[in-house]
Structures are given as structure tokens and as C-alpha cells.
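Colleague: I would like to go through some of the labels used for this model. Please set each value against its definition.

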Amino acid sequence: MAQRKRKFWGWGYEDQEPNAEEKGSLAELLKHRFNLGDLEILPAPRLEELALRAPRIAVPPALETFCSTAAYDRAAHSYGKSFRDTVRAFRRQYPNPPDVVAFPRDEAELVRVLEWCDCAKLAVVPYGGGSSVVGGVEPPSNDTYPGVVTINLAHFDRVLEVDRASRAARIQAGVMGPALEAQLKPHGLTLRHFPQSFEFSSLGGWIATRSGGHYATLYTHIDDFVESLRVVTPTGVIESRRLPGSGAGPSPDRMFIGSEGTLGIITEAWMRLQDRPRFRAGATITFADFENGAEAVRAISQAGLYPANCRLLDRGEALNAGAGTGTDAILVLAFESADHPLEPWLQRALECVADFRGRVSAVDKMEDEAPTHSGAAGAWRRAFLRAPYLRDAMVAMGMVSDTFETAITWDRFREFHAALIEQAATAVREVCGKGSVTCRLTHAYPDGCAPYYTVLAPGRRGAELEQWDEIKGAVSDLIIKLGGTITHHHAVGRDHRPWYDRQRPERFARALQAAKQVLDPAGILNPGVLLDP
């Protein structure tokens, strides 16, 4: 069977690109929402339209069997999947592709590639699924290095060992989300980590970027599931001891979780797993205002109920997702368990909701492996999974369409949120003339939450990047000023570096630099991401 081909310029598979009718309907919707004229829909870039720079380095003969200089591979590994990346792709701007893309088939071949790059002082970009939206897989643009090699771990795609008694598995880092879950299913186990990029992101990528996943409370980040790691660095292999917990000094795993490929390349991990859920209970709740909904989310998170899903959409976000009419905020609430029915948990959560004038619009209870998704919750889920494809289509129409996310403690949330909405709306109005700024709470903790903002506005052809950079800069400056984090779950990459440098303590930055000097003395691993070589 022919293998499905992923787009080299944007999100997902070529055969899942919105068709002409879908694009036309979307264009009409945007036209009427923002009172625009007819929107021109530009054609997607084709490989033959790109003028890729010739490779600046030659692959050693001993490595040729698993290295590529093909145009498709180099173009596909030039960018991640952010708005900025897609805009540049539509402009046919590929000035800095990797010179070589390596596809090592085992750890021995990976070590040989790293040895070559270290000796030749070539920059190395580790690559899992390529779903970065912060410039995390983009080759460095300076001339410090004679060439760039992207190392794709696609062949590291297997579950190697399952410990059913401990509910854990040893897993190769290149396995994508669907393949991972398919291999765990016969054992009755699941990782239950479902970021929006699940279909096209890898375990190693999740760990390297401290990915946020399916769980809106309790198990929110991949950190919670890592039991031990195996990492290949230019100075050797590091493997941490597999333990359920340890008080033996700083955790070696924590040094690599979130390191974004700057300290080493993760090849394997022992991961904590869960039994596959059988019992589910959920509800959809509406609120007259978003702030009351946020208070209900705080009450639920502090009650120790730990719903799997606890996402609050403001009126605009609910309207965009087709989950509401734009008159109410909507809370999508869901519990799941492999062990017990969940009605008491759901009932207590609904009591918390009632305290803040929430109105239950639907209740779902089910016991099966493949739950149905209907109503507002189903509409939100479908919109959530389809959003990256539609974002690419909006880029073709000249729209500015992107997001920013952060986290803040509950005591500061109300003022923080109001200030960010005002700043973003002002920037959109000044830069684009008109547009919308919407918000949803993606994750909730007893001490705070993670608000996630979506900007949608008409752009000026040829100036969309500059418009977004101005909006992004304004809101990012305010996030740091008000004490939030520059990213809750999208990583730092290159795009967040200016604000990450302001957020992290200076002495910590120096300690991180010292660790890099020990593990990567030549500074070849993802230079410019997190820190400069």
C-alpha cells in the first residue's frame, strides 16, 4: 500500500487538506464576521516552486544509506507547524533548509551521525514529529556552522518492553502518538497523553518539550509519566535508573525533560502507564460570564476531583468551535476511570458548578472503549482536532491566525486575564484594524490555571508575519511583566527566547550553560534554542 504523504509546508496529510467547498465556506464565514470583501485563496506551495540552496556538506559514504539530501526531505524539515512557518511556506521562502536529513535506524547509527557532526562542527537539529509551533525544529540561521544536519528519529518507533505489574513500558522516543497507543492496547494499557498534535508528534518530542496533554487536571504534563530516560549526547550515553520515586539529589530525568534537544537526543524512556478507561461521565455547563466559569473551575480543581477534561471556553471560543451560539461561556467537563463508576465525582463537580450559577445543558455517562462525542463537547472536540488544518487554510486567505498561552495563579487570574485581553484586543485593532481575541482555560491546578488565547484578524498580504510579531510582542511583554509564564505547554524554541531569557533566573541560565558545556562542548545541538552555544 502507498504510504500517505504529509504536507511539506503545513499540517497533516495531503489528502486531509480542506477541499474547495470547505475553503469557500470558511472564506464566506470570515467575510461576514469581519465585514470583508471577497477573500482570495492562494494555492498551496509546490515542491518544484522552491529554490532550495544546494547542500553545503557531503555525507560520508559510511552514512549514505540512511541520510537524505532529497528536496522533499529538506523542505519538510525546514520548519515546524506554526503560523509563522506556514506563512513563510506560502511565500515560498526556504532560505535555510537543513543540508542533510539523517534517518538513523538504531542507536549505533545515531551515535555515528553525532560523531560526524561533532568532528565537523555541524549544527544538529533533533526531530520527532516536527509539530513545533515555536521554531524548535528550525535550523539555525547564522553562519557559525558549515552545515546543518537534522536527525529524524522516525525509525525509533517501537514499544520494546512492557512491565504489566508496574504498569510501565520501555518505549523508543520516535514513536508517534497513534502507533504508541496501538502497541499498548493489546496489554490493556495506555499512556493517556493526547496533545492536539497527538497524530503527528512523538514521545521523545513530548518529553523534550515538556508537552501538555489530554488531562486538564492532575496528569497535565508529560513529566508526570517519565520513569527513566536514555539520552545520547556528543560526549556519551546517559541512562537514568528506573525507580517509582527517589530523593537522591536533583533528578537526572528533569534535566532532560524540557531541554528541547539542546543537551542530548532522547532515544528511549520508561513511561508510567494506566489501565485503559472503561467508565466515563461528563457534562456540558453554560455560564453567563467567563469569570464565573473560571471560579467554578477553581472550585473543582481545589476539591480534589481531578476530571480528565475541564476546559472552559469563553463566548467567542465556544462560537468558533461550534459548541455554542456566542451568548454563553461553556465548560466541557469529563471524568474517566478504569476502575469504578464516576457518578459521585460528577455530582460533586456539578454542585461546585451550581455555586457559581452554572447551568447544566447535557450529561453523559458511558461504559465502553470508544465513547461517542455529541453535543457541545463533541463539537468542541471535532473543532479542536480540525483546527490546524483550518489554520493553514486561513493563512492561504491572508488571515492572521495564531495563539498564545500562559499560566498564572488564581489570586492574580482575574486582573491578569482582563489586562491580556485588553492588550491583545488593542494590538489587533491597531495592527489589523479589526479582529477577535478569544480565550479558553486548557488546564487547571489547585493553585492556578492555564489560559490559552486565540487571535483571528484580517492581515495585509505580504505583511502578515510583521503584524503577528507586533501583536505577539505586545502580549508577551505584558505576560512577563505581570508574572505569568511565556509558555505553559508549547515550549520555548526560538520564538520565545527573548521572553524566556527574562523569565528564568540568571544563575540558573549559567548553570544550564555549564551543563551544556559538559554534554555538548562544541555547541552543536539545536543552537539558539533555550540558550546560545
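Colleague: What makes the pair Glu-17 and Lys-7 a salt bridge?

Modeller: A salt bridge is a side-chain nitrogen of Lys or Arg within 4 Å of a carboxyl oxygen of Asp or Glu. The closest N and O atoms of Glu-17 and Lys-7 are 2.6 Å apart, so the pair counts as a salt bridge. Both Glu-17 and Lys-7 lie in the segment before helix H1 (20-33), ten residues apart. This is a predicted model, in which local features need pLDDT of at least 70 and side-chain atom pairs count only at pLDDT 80 or more, while totals for chains, interfaces and linings use all residues. Residues are numbered from 1 along each chain as its sequence is written, and side-chain values use heavy atoms, with hydrogens and water left out.

Colleague: Why is Lys-7 called buried?

Modeller: Buried means under 20% relative accessible area, exposed means over 50%, and partly exposed is in between (1.4 Å probe, protein chains only). Lys-7 has 4% relative accessibility, so Lys-7 counts as buried.

Colleague: What makes Glu-466 and Arg-91 a salt bridge?

Modeller: Their closest N and O atoms are 3.8 Å apart, and the limit is 4 Å, so the pair qualifies. Glu-466 is in helix H13 (residues 464-481) and Arg-91 is in the loop between helix H3 (83-90) and strand S2 (100-102), so the bridge ties together parts 375 residues apart in sequence. Helices (H or I, at least four residues) and strands (E, at least two) are DSSP runs, numbered from the N terminus.

Colleague: Are these two residues buried, exposed or partly exposed?

Modeller: Glu-466 has a relative accessible area of 46%, so it is partly exposed. Arg-91, at 26%, counts as partly exposed too.

Colleague: How do you know that Arg-167 forms a salt bridge with Asp-275?

Modeller: The closest N and O atoms of Arg-167 and Asp-275 are 3.1 Å apart, which is within 4 Å, so this is a salt bridge. Arg-167 sits in the loop between strand S5 (159-163) and strand S6 (168-172), and Asp-275 in strand S11 (residues 274-275), 108 residues apart. Arg-167 is partly exposed at 34%. In the hairpin of S5 and S6, which has four residues between the strands, Arg-167 takes a positive phi near 55°.

Colleague: How do you know that S5 and S6 pair?

Modeller: Two strands pair if DSSP finds at least two bridges between them. Four bridges join S5 to S6, so they pair, and they run antiparallel. Val-162 stands opposite Ala-169 in S6. Five bridges join S6 to strand S10 (residues 265-272), also antiparallel, and Ala-168 has Arg-272 in S10 as its bridge partner.

Colleague: What makes S6 mostly covered?

Modeller: Four of the five residues of S6 are buried.

Colleague: Why are S1 and S3 called edge strands?

Modeller: Four strands form an open sheet in the order S1-S2-S4-S3, with mixed pairing. Strand S1 (67-68) and strand S3 (123-127) are the edge strands, and each pairs on one side only. Within this sheet, three bridges join S2 to strand S4 (residues 148-152), which run parallel.

Colleague: Which residues make the contact of H8 with H10?

Modeller: Ala-296, Ala-299 and Ile-300 in H8 meet Ala-349, Cys-352 and Val-353 in H10; contact means heavy atoms within 4.5 Å.
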